[in-house]
Amino acid sequence: RYLMRHRHTTPFEMCELKLHLRLPMDCWRQWIRHRTASVNEYSTRYSLAIDAAQTTASDQWRLQASSNRQGSEGFLEHDKGKIFSVREHELHELARTVYNERIEAGLAREQARKDLPLSTYTEAYWKTNLHNLLHFLALRMESHAQLEIRTYASTIGSEIVRRWVPMVWDAFNDYMFHAMELSKQEIDIISRLQAGDADGAWDIAVQYGFLPPKGETIKFNLERGEIEKKLEQLGIRPPWLE
Ligand SMILES: Cc1cc2nc3c(=O)[nH]c(=O)nc-3n(C[C@H](O)[C@H](O)[C@H](O)COP(=O)(O)OP(=O)(O)OC[C@H]3O[C@@H](n4cnc5c(N)ncnc54)[C@H](O)[C@@H]3O)c2cc1C
């Protein structure tokens with residue numbers, strides 16, 4: 001726990017884990033961005049593409065989030081989702097039929113595969129050390145990560161890492177995953193609020209550009225929104241929201 005608290009990371013590099021992954025290509029495209037792992041992926045130049053694609057149940061079509069441009073929120077009504085699941089099935093069937101036609105005609109696997117959908121499964125061996133794995137989990141278990149990769153990451157965390165290195169898993173949750181990082185500006189604002197100086201906290205927020213000068217209309221500010229979320233978690237209500 002001390003090592004985790006003080007970011008003394010090299011001991012965690014001594015533990016290694018190798019996973020055999022099976023996941024859709026679109027999820028893999030996010031996964032492979034984590035460069036600090038050794039990877040060997042199933043080759044669809046050498047072998048036939050895996051004849052399976054990730055499918056979406058009619059009540060699992062997620063709606064575009066209004067507040068986060070790269071997120072989703074809520075689900076399309078079940079009835080409306082049915083048509084998208086039917087269309088998904090048709091698309092998968094067509095793509096697979098065209099792929100098989102190319103293969104049967106003797107076309108090269110490396111070219112025949114080019115129109116397969118991103119939902120097609122791939123497989124890979126993925127070897128990484130505990131330090132890099134925890135970094136991966138911190139990013140991909142987090143609420144901003146896409147649901148699909150978040151589900152894989154959460155399962156790796158709770159089903160594998162928790163059993164493999166229980167003390168590290170607890171320390172990771174306590175000091176990294178559920179911990180909160182405060183900027184200098186946030187500490188300044190919180191200190192004023194805790195001292196009962198609401199005007200002073202407001203003035204600092206103006207000074208740092210999170211709020212316009214008093215009296216002007218308060219407009220959207222990304223960093224102020226993030227501060228407000230942290231304050232909410234700490235049970236502190238900022239004066240400008242009163
Ligand atoms: C919610 C979310 C949204 C994202 N959105 C996008 C997006 O819109 N577009 C996009 O392209 N990517 C996006 N990414 C991917 C992101 O930018 C990273 O590529 C990915 O999360 C891998 O993180 P990493 O580089 O820290 O991990 P790793 O590649 O495993 O690297 C671990 C650490 O090693 C160090 N490191 C590794 N390579 C280098 C290097 N070449 N130079 C310096 N330091 C290095 C860094 O400290 C890095 O943090 C997103 C990721 C998340 C979690």
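The protein contains 11 helices and five strands (DSSP runs, H or I of at least four residues for helices and E of at least two for strands, numbered from the N terminus). Its radius of gyration, 24 Å, is well over the 18 Å that the globule rule gives for 242 residues, so the protein is more spread out than a compact globule (C-alpha atoms; the rule is 2.2 Å times the number of residues to the power 0.38). Along the principal axes, the C-alpha atoms fill a box of roughly 75 × 50 × 30 Å. The model is predicted: local features need pLDDT of at least 70, side-chain atom pairs pLDDT 80 or more, while totals for chains, interfaces and linings use all residues. Residues are numbered from 1 along each chain, and side-chain values use heavy atoms, without hydrogens or water.

Of the 242 residues, 32% count as buried (under 20% relative accessible area, 1.4 Å probe, protein chains only). In helix 8 (residues 166-177), the buried residues are Val-168, Trp-169, Ala-171, Phe-172 and Asn-173. Their cover includes helix 1 (2-5), helix 2 (10-13), helix 6 (130-140) and helix 7 (147-164) (contact: heavy atoms within 4.5 Å).

The ligand is surrounded by Arg-33, His-34, Arg-35, Thr-36, Gln-70, His-135, Leu-139, Arg-140 and His-144 (a heavy atom within 4 Å). One lies 2.6 Å from a polar backbone atom of Arg-35. For the side chain of Thr-36, the distance from an N or O atom to a ligand oxygen is 2.5 Å. A polar side-chain atom of His-135 is 2.6 Å from a ligand oxygen. The protein buries 49% of the 940 Å² that the ligand exposes alone (Shrake-Rupley method, 1.4 Å probe).

Technical notes
Buried < 20%, exposed > 50% of the residue type's maximum accessible area, 1.4 Å probe, protein only. Polar contact = N/O pair within 3.5 Å; in protein donor to acceptor, adjacent residues only side chain to side chain.
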